[in-house]
Amino acid sequence: MMMYKKTAIVIGSGVAGTFIATQLLQYKLYEKVIMLEAGPEFKMGDYGQWLHYVTGGSAPYESHYDTEEDFTAKGIQPWYLNGSRIFGKGGSTLHFGGWLPRFKPEDFELHQNTGRGIDWPFNYDELEPYYCEAETYLGVTGDSQNQNPPRSRPFPYEAAPYPLVAKPFIKAFDTLSLSYQHLPITRYGKAENGHGKCLTAGTCNYCPVDGKFNGMQPFRTLDPQSNFELRLESPVIKLLMSAQDTVQGVSYYDIKQQRVKHLEGDAVFICSGALEAPKLLLNSRNKFWPQGIGNNHDLVGRYLSANPFFYAAGQTTSANHYQCELGFPTFASRHFDSKAFQTQGKFFMAMDNDSARIDFVTSMLAGKSPEAIQAQISGQKTLQLFGNLEPLPFWENRVYPDKEWTKHFLPKTIIDTPKAMYDPNIADFYVEQMHSVLKKMGLENIRTGTYPQRGDHAACTCRMAHSPEQGVVNTDFTVHGVNNVYILSNAILPTLPAANPTLTLVAMGYKMIADMRKQMLLHAA
């Protein structure tokens, strides 16, 4: 098949960047792909590194999180980015929990159903086949009999079982007539394609066998290809435009050589997340786009959204042998993540993976006796529910670049949220629902609260819409008004529902590639 274009520049090496690079080369949409990543490479899937981690050491990527000096957060609900983003080869999927639920049909019609935000330019049925592809690509386990939301193909791996500690949750949910299900999550059910089978070791932030998807795994396919090149420690500073509708390349900083370089390409694919993508467009002001690329209507960086996280935790009242058997959650509820609750804001709930966790390593390192550790095992345990709340989209909430630079030579981040992303009364309602479950379980010393907003699910800062008056990105994934700058990132989500967004991001990537292949065939004809 004839090549469509020559060189594609991909910015970012996380789940979106590696997916795009793999697909562009697989379908020969470009002759060459050059990927630019701001951070370094980390040693993943290594047994020695894993032993260091489980005996009290840190994961190799932890030194490449945001620090307090890298961002400024202001507003009614200030953010705290520490620990949420990884700058390096593979991106933040190196430590993500791997929760991969689909969005539901009503999530694509938020404005039509509630008057809030905007509707997506396509519906659930149009994206459903791509959800199936994304589940295979990411190695998702799940209950294939569950048709809420509807699915046309089974999960690639059968659902991970509910652990023993889920039994009291299930009993309480049944008593309260609350629905529940297996949590769709990336855990490989068998060893294949260079990765191992999930061993349920419980050290998911650093897996010794690569038993769940992470952004490093696609490089097994990419690195051997002569028409793929990865440049690490090469943060992109600016897009270079030859005309208002055409990008000709990028400027980036070579950290090792300590100098700015220019790279020309036929297209640029921005896959750098919902905070960095708008910062790059705004930093690329030029004579064609004096307010920043795609920003004629002051929408770049606007509508910043992220799921607020809430919890309820309590202690068992009697001796038991509950343990955190798997190290990751498999029990979830979408009872409140349904159309009936969309007007007030939906809520996605799961049994927290720290429920009944016993820290054996710390106890052993502290010199505790076997008898003392056995007492921990049979004693009272803390059980916990965790939930994502659907955020409220407001134009006033935004992200933009500072004039100072981080250690990764990216502009520092300014997050301004003058509007509350959630209604405290709605949050109290859902926290009370979690409290009621724990009370029904007979737990005592129940406590509830919210976690600091780290921006783990940051989204909507370059939202997709049919027109440039409503959004930054067109339905073909290009920036409105520019023919060859594409964005695949949580930044382009029109709205953010309650469920985790990574699966939907990859499904959108499959849709993007399918659309590009159709255009290639038309071009060839």
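1. Strand β3 (residues 71-75) and β18 pair in the parallel sense over 5 bridges. Two strands count as paired here if DSSP finds at least two bridges between them; strands (E, at least two residues) and helices (H or I, at least four) are DSSP runs, numbered from the N terminus. Within this pairing, T72 faces I414, and A73 faces I415. Before going on, please note that this is a predicted model, in which local features need pLDDT of at least 70 and side-chain atom pairs count only at pLDDT 80 or more, while totals for chains, interfaces and linings use all residues. Numbering starts from 1 along each chain as its sequence is written, and side-chain values use heavy atoms, with hydrogens and water left out.

2. On to the other partner of β18. Strand β17 (residues 398-405) runs antiparallel to β18, and 5 bridges join them. Here Y400 stands opposite I414, the residue that T72 also faces. The hairpin of β17 and β18 has 5 residues between its strands, and F409 in it takes a positive phi near 60 degrees.

3. Put together, these strands form an open sheet of 3 strands in the order β3-β18-β17, with mixed pairing. Because β3 and β17 are at the edges and have a single partner strand each, one side of each is left without a neighbour in the sheet. Neighbouring strands are turned by 20 degrees against each other on average, direction ignored. Helix α7 (residues 273-283) packs on this sheet, touching β17 and β18, and its direction makes about 65 degrees with that of β17. Contact means heavy atoms within 4.5 Å; axes are lines fitted to C-alpha atoms, for helices over the stretch in contact, and angles run from 0 to 180 degrees between N-to-C directions.

4. How enclosed is β18 (residues 411-417)? Since 7 of its 7 residues are buried, strand β18 is largely enclosed by the rest of the structure. Buried means under 20% relative accessible area, exposed over 50%, and partly exposed in between (1.4 Å probe, protein chains only).

5. A second open sheet deserves a look: its 6 strands have the order β6-β14-β15-β16-β13-β19, with antiparallel pairing. Its edge strands are β6 (181-182) and β19 (444-450), each pairing on one side only. Between β6 and β14 (residues 331-333) there are 2 bridges in the antiparallel sense, and Q181 stands opposite A332 in β14. Helix α5 (residues 167-175) lies across β14, β15 (347-351) and β16 (382-389), at about 60 degrees to β16.

6. Helix α1 (residues 15-26) passes a simple length check: at 1.5 Å a residue its 12 residues should span 16 Å, which agrees with end C-alpha atoms 16 Å apart. The expected span is 1.5 Å times one less than the number of residues. With 11 of the 12 residues buried, α1 is largely enclosed by the rest of the structure; V15, F19 and L25 are among the buried residues. After α1 comes K28, with a positive phi near 55 degrees.

7. F42 sits in the loop between β2 (30-36) and α2 (47-54), and its 6% relative accessibility makes it count as buried. Leaving aside neighbours within four places in sequence, its contacts include P60, Y61, F87 and M216. F42 and A59 are 17 residues apart in sequence and 9.3 Å apart in space, C-alpha to C-alpha.
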